[in-house]
Amino acid sequence: MQQQELEVCVKRAEASHVLTPEEITALLGAPEVEEYLAAAADRVRHAFVGDGVHLRGLIEFSNICRQNCMYCGLRRENGKVERYRLDADTIVELAHKAKGYGYQTVVLQSGEDLYFTAERLAAIVRRLKELDLAVTLSVGERSYEEYALWRTAGADRYLLRIETTDEAVYERWDPGMDYANRVRCLHDLRALGYEVGTGTLVGLPGQSLASIAADILFYQQLDADMVGIGPLIPNPDTPLGKAVPGDFHLTRRMVALLRLLLPEANIPATTAMETMVPHGRELILASGANVVMPNVTEGDPRRNYALYPGKVCVADTPAACRSCMSGRIRAMGRFVAKDKGFRRHRQS
């Protein structure tokens, strides 16, 4: 497609929130329209979710994982990681501090650590709900019954990135895992009434622009409430340690397309984007994103939740992160939202 044709596609997507797979693929592969695409996404973001940026406090409570994903620093066979597991009281204390910093949501994230049985985690969720916080869980693949127990305990959202909807690529880089089961989990979460979050890892070997386009259409079909996108940052302690990093600009174009096609969704500016490009989070916030998830974990665990090398802000305190991010958001002419950030359903 010529640039003018691509810009026509962007205009139509801004108005109708619909594109064909071929059009999405063409736009993903068109750096010449990146700024045009990002500006359109920013307008849709302003119209549908406003200028507020939702800050969600991230508590990384265990880096123990039963899975062996070949790109992840927490993979089961990585013997170089200093493993840790926070106890329930420490998790609740961190959440209490997050509330004091002004966060309205906490995100409990861990490797797939089966020490945290459904009952143990449900008990923690109940305690967090007493703090009047929205609670997001991100603890991997579990059964319908476990998800149901956490939902009953008060969990509001669940984040489970699919990473790619290309089944062959998925099963190559996530050995021992079943793509169909991942999809089953997402549909179970939707059926149980969670706000469902998912997302893509851009740059997995074997991934194509067409498969990334298919990811976007999958999220649209799922009616995902939150979609987090990040580039592959190779971890030297994993089998993909020498892979080519994911492309920042392709990732940015994907974020912008997601905003055009899922106008109501919550879309984070991920830490990985800032790790690749200084002030990358601002660039993504100006390309359709409306969420940032600062880390509120403290001490050694903050350093040891090492999905990839060079992660920004690991030496900062949670209070410093909160202050820094708030200032950066204000400098953009945006503001820190004061509500819990549930998806707004509205007419275009």
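Student: Which element gives the most to the lining of the largest cavity?

Tutor: This is a predicted model, in which local features need pLDDT of at least 70, side-chain atom pairs count only at pLDDT 80 or more, and totals for chains, interfaces and linings use all residues. Residues are numbered from 1 along each chain as its sequence is written, and side-chain values use heavy atoms, without hydrogens and water. A cavity is a set of points on a 1 Å grid over the protein atoms alone where a 1.4 Å probe fits but cannot get out, and lining residues have an atom within 4 Å of a point; helices (H or I, at least four residues) and strands (E, at least two) are DSSP runs numbered from the N terminus. With four residues, the element that gives the most to this lining is strand 6.

Student: About how much space lies in the largest cavity?

Tutor: Five cavities of 30 Å³ or more are counted. A volume is the space filled by probe spheres set on the points, with grid points joined across faces, edges and corners. For the largest cavity this gives about 990 Å³.

Student: Which residues that line the largest cavity are the closest to its centre?

Tutor: Elements that give two or more residues to this lining are strand 1 (52-62), strand 2 (105-110), strand 5 (195-202), strand 6 (226-231) and helix 11 (271-276). Of the 44 lining residues, the closest to the centre are Gln109, Arg161, Glu163, Tyr305 and Leu307.

Student: How many charged residues does the lining of the largest cavity have?

Tutor: Ala, Val, Leu, Ile, Met, Phe, Trp, Tyr, Cys and Pro count as nonpolar, Asp, Glu, Lys and Arg as charged, and the others, Gly among them, as polar. The lining has 24 nonpolar and eleven polar residues, and the number of charged ones is nine.

Student: Which helix gives the most to the lining of the second largest cavity?

Tutor: The second largest cavity has a volume of about 150 Å³. Its lining is made of 16 residues, and Arg281, Pro294, Asn295, Cys313 and Cys321 are the closest to the centre. Nine of the lining residues are nonpolar, two polar and five charged. Residues 318-331 give the most, four residues, and they form helix 14.

Student: Which residues that line the largest pocket are the closest to its centre?

Tutor: A pocket is an open set of points with protein on both sides within 12 Å along at least five of seven lines. The largest pocket holds about 160 Å³ of space, and its lining divides into five nonpolar, four polar and four charged residues. Of the 13 lining residues, the closest to the centre are Lys80, Val81, Asn235, Asp237 and Ala306.

Student: Which residues does Ser110 touch?

Tutor: Ser110 is found in strand 2 and is buried, at a relative accessible area of 10%. Its C-alpha lies 8.1 Å from that of Gly140, 30 residues apart along the chain. Counting contacts as heavy atoms within 4.5 Å, and leaving out residues up to four places away in sequence, Ser110 touches Phe61, Ser62, Ser138, Val139 and Tyr305.

Student: What is the relative accessible area of Asp132?

Tutor: Asp132 lies in the loop between helix 5 (118-129) and strand 3 (134-138). Its phi is positive, about 60°, although Asp132 is not a glycine. Asp132 is partly exposed, with a relative accessible area of 45%.

Terms used. Buried means under 20% relative accessible area, exposed over 50%, partly exposed in between (1.4 Å probe, protein chains only).
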